[in-house]
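Here are my notes on this model, as numbered points. Please read them with the structure open.

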Amino acid sequence: MTEIFDPTSAPVVREVRLAPRPADLRGLRLGLIENTKFNSDALLLKLADRLRDRYGMSMTHMARKRSPSHEVDDAALATLKAQSDVVVSGIGD
Amino acid sequence: MLAAGGLRGDEVFGEIPGRNTVVVADKVAVNAVLAGCRPEFFPVVAGAVKALCHPDFAYHGPASSTGGSAMVLVVNGPIVRRLGINAGNNLFGQGVRANATIGRAVRLTMMNVMQTQPGLFDRATLGNPGKYSFCFAENEDESPWEPFHVSRGLRREQSAVTVYASNSLYQIYNQLAATPEPLLRCFADALCNLGVPNVKGYSQALLVFAGEHSEVLAKSGWSRHDVATFIIEHARRPVADFKRAARLPGDPTAADETTPRAIFERPDDFLIVSAGGRAGSWSACLPGWGNKWTRPVTMPIEERS
């Protein structure tokens, strides 16, 4: 009897619940996550300007990742959670 | 394979945040068999995979980037001789089973277990041949310096594997230099060309000095720190050069013509190793991936059996 070994393994499945989406962006607080790549912050700040002009959103916090290769740290997540209704994450290069 | 490492199949080597990946010993062992490893190679494979999972390595970036990095494995300590890992002639080339299969086992594990399949979570534009396998040992017996792993805080009698992400290997030739300065100018020049990957921030580099160049450095008495300091000082060029080549934004100003931009910041951003054949005036430099967005990790190799 030959036993076959599978060299692959799948990611661990974890339940992720998405936050409820706002029905209307008007007047909401905006958080930003920039990934430290070239122009990442410039792009997101321009976006924040557009959202302010169009919906009256106020940018309350921009989190800067340790590097593009790292996740957002827990302290930044806590700040974003406390100070933002909507968060936009983006990259530059 | 597992028995040779004294490992249980369910032992967890590490996790990759953001990918929901848990790396377990039995899957790594299957990939080591696929790669053609002898069982006694497995502790090196295990150490390298644990290093990839270390938070300092920040796996997701170098593994998935368009830059297409190889995961370079540098092995040190008594295990090198025992396993016959090549530290000499044809260092980066073919022909030695340990070098070929240890690196291959790590890459297969990345693809099969760590969700690093080309086109999916490996977005390399070109990749490089080192992505098949990239493993070598330091030639500790003929090095001008203490063993590389000792310089990184381990004991001489320990064995260790260092994992480092680099998207290219550039051979440096100099057959006339009899002192460190002219030799190292060649390294500095190669590491600050206009096409280097990283000019926004600072970089890191692996330097591999082979026989004749190692001899020059040994005779001079220069330390690793001396070598790194010299290259930091000389691997720089005017900001205007980078602007003319559109590597930095904007038009060059008069001040840019005389304002130097350094590529490197700190001596410990260099990994300096002695390895390769005795004959020939060749060495190599391997720029690191990203602006220090990943850090090399040196992991002790556990031999439990």
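1. In what order do the elements of chain A run from the N terminus on? They run β-α-β-α-β. Chain A has 2 helices and 3 strands. Helices (H or I, at least four residues) and strands (E, at least two) are DSSP runs, numbered from the N terminus.

2. A word on conventions. This is a predicted model: local features need pLDDT of at least 70, side-chain atom pairs count only at pLDDT 80 or more, and totals for chains, interfaces and linings use all residues. Residues are numbered from 1 along each chain as its sequence is written, chains are lettered from A and ligands numbered from 1 in the order in which they are written, and side-chain values use heavy atoms, with hydrogens and water left out.

3. Dimensions of chain A. Its radius of gyration is 18 Å, whereas a compact globule of 93 residues would have one near 12 Å. The radius is taken over C-alpha atoms, and the globule rule is 2.2 Å times the number of residues to the power 0.38. The C-alpha trace of chain A spans about 70 × 30 × 25 Å along its principal axes.

4. The sheet in chain B. It is open, with 4 strands in the order S4-S3-S5-S12 and mixed pairing. Two strands pair if DSSP finds at least two bridges between them. S4 (135-137) and S12 (297-300) of chain B are the edge strands; each has a single partner strand, so one side of each lacks a neighbour in the sheet. The twist averages 25 degrees from one strand to the next.

5. One strand pair. S3 (residues 70-76) of chain B and S4(B) pair in the parallel sense, over 3 bridges. B:Leu73 stands opposite B:Cys135 in S4(B).

6. Helices on the sheet. H3 (residues 42-53) of chain B lies across S3, S5 (160-166) and S12 of chain B, at about 50 degrees to S5(B). H6(B) lies across S3 and S4 of chain B, at about 135 degrees to S3(B). Axes are lines fitted to C-alpha atoms, for helices over the stretch in contact (heavy atoms within 4.5 Å). Angles run from 0 to 180 degrees between N-to-C directions.

7. A helix pair. The axes of H2 (residues 25-35) and H6 (residues 97-112) of chain B come within 8 Å and cross at roughly 130 degrees. H2(B) and H6(B) are therefore oblique to each other. Angles under 35 degrees count as roughly parallel, over 145 as roughly antiparallel, 65 to 115 as roughly perpendicular and the rest as oblique. Among the contact residues are B:Val28 and B:Leu34 of H2(B) and B:Arg104 and B:Leu108 of H6(B).
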